[in-house]
Amino acid sequence: MPSSRLWVFDLDNTLHNASAGVFPLINQQMTDYIAQHLQLERAAANQVREAYWRRYGATLTGMIRQHGTDPAHFLHHTHPLPELLAQVRHAPGLPALLARLPGDKVVFSNGPSRYVRAVCRHLGILPLLRDCFGVDRLGFHPKPDPRAYRRVLAAMGRRPEQCVLVEDSLANLLTARRLGMRTVWLAPAGAVGKPAYVDVRLRQIGELARHVRLAKM
């Protein structure tokens, strides 16, 4: 087994601010897809999108379970790369930060792999990563489903205790902790407190440089 730490990074709202432009565009594309394929008015389609996201943790999962949607088709049509990349803003110092962290680094996202790799390339961090994991590489099991985490661990040949998950989602961090991973929470503005299953709370990704000790824990 490799002995070095594995840093597992979420992508959206962790390594870049997706809420500013990326998420609104993806939500729009998903609503349009649902409206077209379920023959719904746009307002009703938006309600379906939000309901599936709340119930299953991902709209994709609801579309698969409730309507038998082809996940590859859904992801292709809801993640238009040129338009999405135009909304991605570079995080200053991000490549230098990742280069400083001892151990291997991967990105683990609920987005499709082609989107994950494209955004990582746009951010200038792709050469620093051992791998990128999108939901299509994880049996279409999105976080916080433990099966997704186990596939990443198996692919990287790591035990949970060798890994640190850096995430903005508390639900995703809770699964990581239950599996035995270390956890770093990139807390949104206005968030209060630090749950017991979070090892480190950050306000911005650049603060991670002060916590490289996690690589030795």
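**Ground rules.** I number residues from 1 along each chain as its sequence is written. In this predicted model, local features need pLDDT of at least 70 and side-chain atom pairs count only at pLDDT 80 or more, while totals for chains, interfaces and linings use all residues; side-chain values use heavy atoms, with hydrogens and water left out.

**Largest pocket.** I looked up pockets first. A pocket is an open set of points on a 1 Å grid over the protein atoms alone, with protein on both sides within 12 Å along at least five of seven lines, and its lining residues have an atom within 4 Å of a point. Which residues lie nearest the centre of the largest pocket? They are Phe-23, Trp-53, Gly-57, Ala-58 and Asn-110, out of 28 lining residues. I sorted the lining by class and found twelve nonpolar, ten polar and six charged residues. (Ala, Val, Leu, Ile, Met, Phe, Trp, Tyr, Cys and Pro count as nonpolar, Asp, Glu, Lys and Arg as charged, and the others, Gly among them, as polar.)

**Second largest pocket.** Here 13 residues form the lining, and Asn-13, Thr-14, His-16, Asn-17 and Leu-186 lie nearest the centre. I noted six nonpolar, five polar and two charged residues.

**Cores.** A nonpolar core joins buried Ala, Val, Leu, Ile, Met, Phe, Trp, Tyr and Cys residues through side-chain atoms within 4.5 Å, where buried means under 20% relative accessible area with a 1.4 Å probe, protein chains only. The largest one has 50 residues, and Phe-9, Leu-11, Leu-15, Leu-94, Cys-120 and Leu-208 have the most contacts inside it. Apart from this core lies another, of 19 residues, including Val-106 and Phe-133.

Terms used. On a 1 Å grid over the protein atoms alone, a cavity is a set of points where a 1.4 Å probe fits but cannot get out, and a pocket is an open set with protein on both sides within 12 Å along at least five of seven lines; lining residues have an atom within 4 Å of a point.
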